[in-house]
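I opened the file and kept notes as I went. The entries follow in the order I looked things up.

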Amino acid sequence: MAPVIDSPSAEASAARPHLTVMLHEAVNALLHTEADLNGVYVDGTFGRGGHSRLLLSRLGPQGRLIALDRDPAALAAGRSVSDPRFSIHHAQFSDWAEVVRNLGVGPVQGLLLDVGVSSPQIDEAERGFSFRMDGPLDMRMDPTQGESAADFLNRADVRTLTEVIRDYGEERFAGPIAKALVARRESGPPLARTRELAELVARVVKTREPGQDPATRTFQALRIHVNGELEELRCALDRTLEGLSRGGRLAVISFHSLEDRMVKRFIQAHSKDEPDRRAPFAPPRAMPLRAIARIHPSADEVAANPRSRSAVLRVAERVN
């Protein structure tokens, strides 16, 4: 997956190959001992399969990899993988534990989540994720389900729009943007194109950090809302406590502060020893997780793939 950093141009996007962020770091975090090579692993966000393919190349003959994605294009890419140890399923990554349970192969030795929007999704104008390329205002990772960004914008009131843009985009001009969106809806045809939205936001947001498009935060907020991304991540994390085997590892790559903060707090909450206040001299209650690492992409990776620069990989291990 990739952060919400838009492409400089459609031409550059078409020429740029898809680069998997922190490929070796994530796989090394999961396959950290020889005993892990014949375990069962879940790639909750297949994308274009970079992590999955490296995992498969290193797994032993008894190993198994279960991949999930809700994007039809990602599913098509996954179905091209010919390996009896691999299967891909049309599902949200929050449902990973249920998919594993239905297959009868749990608990698993590792779960990988590469969260956020993927580079191919950004680079395909018709998906509606890009504010630099004109396309239908969709933004759904699974375009066969749910409400598009255009549908949401053309029904939500000022208060709802303000909350979404403020909370999910961390946009300080959320209120004025929301008012402009409703005023546009009341005075003209409904918003239907990404360029229309980007131009409206640019008229409202007069100042922005150097190098950042005025529409960046609004597009991020709408994408997160339309796809329920933070709730998806919260549910997926909660299920690690039931779905990971002892010694199994969780590896999550996130690209902005809202995601990383949630992962950080989840690991902290379940890895710090907790004393029993009813018995102050008793040993602390054993916690289920142990924090392993917080990893950033190398300088070489950032130079080769600028979209990786905001990525953070957090790793935890199930101990109880």
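**Ground rules.** I take strands as DSSP runs of E with at least two residues, and helices as runs of H or I with at least four, numbered from the N terminus. The model is predicted.

**Ser 254.** I started with Ser 254, which is found in strand S5. Is it buried or exposed? I use under 20% relative accessible area as the cut-off for buried. Ser 254 has 1% relative accessibility, so it counts as buried. Next I listed what it touches, skipping residues up to four places away in sequence. The list is Val 115, Glu 259, Asp 260, Ser 310, Ala 311 and Val 312.

**The sheet.** From S5 I went on to the whole sheet. In what order do the strands stand? I read S3-S2-S1-S4-S5-S7-S6, seven strands in an open sheet with mixed pairing. S3 (86–90) and S6 (289–295) stand at the edges. Each has a single partner strand, so one side of each lacks a neighbour in the sheet. The twist from one strand to the next averages 15°.

S6 runs antiparallel to strand S7 (residues 312–318), and six bridges join them. Ile 295 stands opposite Leu 313 in S7.

**Strand S4.** Which strands pair with S4? Strand S1 (residues 40–43) runs parallel to it, joined by three bridges. Val 42 has Leu 111 as its bridge partner in S4. Strand S5 (residues 244–254) also pairs with S4 in the parallel sense, over six bridges. There I found Gly 110 opposite Arg 249. I also looked at burial. S4 (residues 108–114) has six of its seven residues buried, so the rest of the structure largely encloses it.

The peptide bond from Gly 106 to Pro 107 is cis, with omega near -5°. I noted it because most peptide bonds are trans.

**Helices on the sheet.** Which strands does helix H3 (residues 50–58) lie across? I found S1, S2 (64–69), S3, S4 and S5. H3 runs at about 175° to S2.

Helix H2 (residues 23–30) came next. Ala 26, Val 27, Ala 29 and Leu 30 are buried there. Looking down the axis of H2, I see the buried residues fall within an arc of 155°, so they line one face of the helix. These residues pack against S1, H3, S4, S5 and S7.

Met 22 is in the loop between helix H1 (10–15) and H2. Its relative accessibility is 0%, so I count it as buried. It has a positive phi of about 45° and is not a glycine. I flagged that because most residues other than glycine have a negative phi.

What lies 2.7 Å from the backbone nitrogen of Met 22? I found a polar atom of the side chain of Glu 301. Glu 301 is in helix H15 (residues 299–304). At 15% relative accessibility, Glu 301 counts as buried. Beyond its neighbours within four places in sequence, it is in contact with Thr 20, Val 21, Met 22, Glu 25 and Ser 308. I checked the separation from Thr 20: 281 residues in sequence, 10.0 Å between C-alpha atoms.

**Glu 170.** I found another positive phi, about 50°, at Glu 170, also not a glycine. Glu 170 is in the loop between H8 and H9. Its relative accessible area is 34%, so Glu 170 is partly exposed.

**Nonpolar cores.** How many residues has the largest nonpolar core? I read 31. Those with the most contacts inside it are Leu 137, Met 139, Leu 153, Leu 161, Leu 181 and Leu 197. The elements giving two or more residues are helices H7 (149–153), H8 (158–169), H9 (174–187), H10 (194–204) and H11 (216–227). H9 gives the most, with five residues.

A second, separate core has 30 residues. I noted Ile 66, Val 105, Ala 236 and Phe 266 among them.

Definitions and conventions
Residues numbered from 1 in each chain as written. Predicted model: local features only at pLDDT ≥ 70, side-chain atom pairs only at ≥ 80, totals over all residues. Heavy atoms only, no water. Buried < 20%, exposed > 50% of the residue type's maximum accessible area, 1.4 Å probe, protein only. Pairing = 2+ DSSP bridges. Contact = heavy atoms within 4.5 Å. Polar contact = N/O pair within 3.5 Å; in protein donor to acceptor, adjacent residues only side chain to side chain. Axes fitted to C-alpha atoms, helices over the stretch in contact; angles between N-to-C directions. Arc of directions from axis to C-beta. Core = buried A, V, L, I, M, F, W, Y, C linked by side-chain atoms within 4.5 Å.
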